[in-house]
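The following questions and answers set terms used for a structure against their definitions. Please look at the sequence and the model before reading on.

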Amino acid sequence: MKSDRTFFWRKLHSISGLIPIGVFLFVHFAINYTAFYGAETYNQAAAMMGSLPFRYAMEIGIIFIPLLFHGIYGIYIAREAKNNISAYKYEKNWYFYFQRVSGILVFLFLVWHVGTTRIPAAFGAEVNFDMVASLVANPVYLFFYIVGILMTTYHFSNGFRTMLITWGITVNRKSQNFGKVIGVILFIVLSGIGLTAIFAFVS
Amino acid sequence: MTTNGKLVHLKIRRQDGPSSDSYVEEFEVPYRPSMNIISALMEIRKNPVNKDGKETSPVQWESVCLEEVCGACSILVNGKPRQACSTLIDSLEQPIHLAPLKTFSCERDLIVNRKQMFDALMKVKAWIDIDGTHDLGPGPRLAEEDRQWAYELSKCMTCGLCFEACPNVNDRSTFIGPAPLSQVRLFNTHPTGKMQASKRLESIMIEGGITSCGNSGNCAEVCPKEIPLTHSIAAMNKSTTAYSFKRFFVK
Ligand code: HEM
């Protein structure tokens with residue numbers, strides 16, 4: 001019994017969705033949003049991020065490892081569920097089902113997203129406004145972005161709501177309703193920021 | 001009471017034994033006002049003839065109290081997990097589909113083996129330890145304020161509807177299920193039960209324990225006793241989290 005570390009790993013999975021991955025999501029969206037003010041502002045912001053000290057250590061420790069851990073463990077968790085939305089069409093069961101669907105779609109989106117930005121960058125391409133603009137010039141890729149953004153904002157917002165339950169912060173009906181209100185607000189605000197940003201790259 | 005010729009049309013998923021294949025058999029039984037599922041099944045037992053007029057074996061089911069406190073007559077009624085005793089024919093669309101719960105293994109017809117739930121109650125120590133061979137006098141009292149909500153949790157009759165509706169209770173997962181987690185809350189609230197609180201918490205902080213809950217909320221939706229299972233689980237999330245810190249830093 002002592003060697004059973006499930007509790008620890010599941011709590012780590014839960015918190016990793018907020019810290020660091022959720023925090024990174026906010027930073028990432030904020031940088032993307034600068035595209036709304038024009039290519040130059042965006043290039044400055046991207047260059048600033050690119051010139052941060054300990055860049056590779058931070059990328060690996062704060063982004064890659066936590067994402068891989070949360071994503072792979074998340075797929076394992078999602079596989080444990082036998083989704084039964086057709087028999088039980090309750091509101092929270094929809095959220096539950098969609099949390100799993102969105103997690104898997106986010107995983108696929110991120111493989112594509114990293115593959116079309118960071119991988120070319122590793123081979124010398126410059127990450128800038130033009131790189132993203134030439135991607136979203138293709139309507140299929142723009143569609144990938146829109147779906148990827150909405151899946152991510154849903155997954156994070158609903159994840160935030162359930163995280164409050166997972167950690168025993170929202171226990172009674174009143175606080176759990178409040179948690180849902182926060183989730184809905186997060187979803188609207190983050191989706192607004194994310195979509196405004198990606199459409200700023202469309203000419 | 002007269003039946004004035006009205007019939008109740010039933011489509012029942014049957015199975016002759018634990019390892020037999022299942023099949024559907026249809027029945028028509030005379031209608032009476034205020035019938036429940038059990039009384040319709042009793043009509044079949046009285047006259048085990050199916051809709052085609054062929055004599056058949058009477059449909060087997062389980063029930064004890066007939067007043068929704070024992071939890072034995074859980075079945076799927078038109079796809080929804082219900083207590084057969086408190087489900088009235090008048091409230092249902094016909095034909096009425098009856099089937100055994102799917103989460104548990106079928107013994108025969110509508111009877112399932114509910115052992116996994118009782119095993120889970122053992123795992124989480126859902127009882128109050130008695131003191132010993134000698135009389136230790138009365139235990140501490142429970143505050144009225146807590147008694148009121150704890151009483152609601154004590155209505156759990158281990159009927160298994162929450163197991164049936166939970167997407168995380170299945171053969172791919174080791175989850176012990178919603179009801180046992182609520183029982184931990186109940187027994188950890190009891191002033192004498194509290195003395196073994198950490199043992200109960202430890203019993204749900206392992207694989208298949210509380211962290212296997214995915215917050216689908218179906219348990220509370222289908223609970224026939226309206227037990228606030230989701231809030232119980234959240235309360236246990238709080239207790240186990242606090243206990244894990246205490247165990248790491250203090251104890
Ligand atoms: C990479 C693919 C991803 C997969 C496959 C995935 C999968 C999952 C799954 C299955 C859950 C439910 C866990 C449970 O019920 O215990 C979950 C929860 C969560 N995820 Fe993800 N996820 C991914 C990416 C992300 C990202 C990018 C974020 C943040 C921006 C995130 C944030 C969260 C949060 C906050 C939770 C809530 C944790 C809780 O309820 O305790 N996830 N994830």
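Q: What makes the pair A:Glu91 and A:Lys180 a salt bridge?
A: The closest N and O atoms of A:Glu91 and A:Lys180 are 2.6 Å apart. A salt bridge is a side-chain nitrogen of Lys or Arg within 4 Å of a carboxyl oxygen of Asp or Glu, so the pair qualifies. The two partners come from distant parts of the chain, 89 residues apart: A:Glu91 belongs to helix H5 of chain A and A:Lys180 to helix H8 (residues 173-200) of chain A. Helices here are DSSP runs of H or I with at least four residues, strands are runs of E with at least two, and both are numbered from the N terminus. This is a predicted model, in which local features need pLDDT of at least 70 and side-chain atom pairs count only at pLDDT 80 or more, while totals for chains, interfaces and linings use all residues. Residues are numbered from 1 along each chain as its sequence is written, chains are lettered from A and ligands numbered from 1 in the order in which they are written, and side-chain values use heavy atoms, leaving out hydrogens and water.

Q: Why are A:Glu91 and A:Lys180 called partly exposed?
A: Buried means under 20% relative accessible area, exposed means over 50%, and partly exposed lies in between (1.4 Å probe, protein chains only). A:Glu91 has 40% relative accessibility and therefore counts as partly exposed. A:Lys180, at 29%, is therefore partly exposed as well.

Q: Which residues do salt bridges with shared partners join into one network?
A: The network consists of A:Arg55, A:Glu59 and A:Arg118. Within it, A:Glu59 and A:Arg55 form a salt bridge with their closest N and O atoms 3.4 Å apart. Both of these residues lie in helix H4 of chain A, four residues apart, which is about one turn of the helix. Over all chains, the count comes to 15 salt bridges.

Q: Are A:Glu59 and A:Arg55 buried or partly exposed?
A: A:Glu59 is at 15% relative accessibility and therefore counts as buried. A:Arg55 has a relative accessible area of 22%, so A:Arg55 is partly exposed.

Q: What joins two chains in the case of A:Lys82 and B:Asp171?
A: The side chains of A:Lys82 and B:Asp171 meet in a salt bridge, at 3.1 Å from N to O. A:Lys82 lies in the loop between H4 and H5 of chain A, and B:Asp171 lies in the loop between helix H4 (161-165) and helix H5 (178-189) of chain B, so the pair joins two chains. With 38% relative accessibility, A:Lys82 counts as partly exposed, whereas B:Asp171, at 67%, is exposed.

Q: How do you know that A:Glu80 has no salt bridge?
A: The nearest side chain of opposite charge, A:Arg10, is 4.2 Å away from A:Glu80, and the limit for a salt bridge is 4 Å. In this count of charges, Lys and Arg are positive and Asp and Glu negative, while His and the chain ends are not counted. A:Glu80 touches A:Arg10 and several residues of chain B, including B:Pro167 and B:Arg172; contact means heavy atoms within 4.5 Å.

Q: Which protein atoms count as donors of the iron atom of the ligand?
A: They are NE2 of A:His70 and NE2 of A:His155, lying 2.0 Å from the iron atom. Donors are N, O and S atoms within 2.8 Å of the metal (3.2 Å for Na, K and Ca), and water is not among the atoms, so sites may look incomplete. A:His70 in helix H4 (residues 55-80) and A:His155 in helix H7 (residues 139-166) of chain A are 85 residues apart.

Q: Why is A:His70 called buried?
A: A:His70 has a relative accessible area of 15%, so A:His70 is buried. Among the residues that A:His70 touches are A:His13, A:Ile21 and A:His155.

Q: Why is B:Leu41 called buried?
A: The relative accessible area of B:Leu41 is 1%, so B:Leu41 is buried. B:Leu41 is placed in helix H1 (residues 37-46) of chain B, and its contacts include B:Ile12, B:Trp61 and B:Leu110.

Key:
Lists of a residue's contacts leave out its neighbours within four places in sequence.
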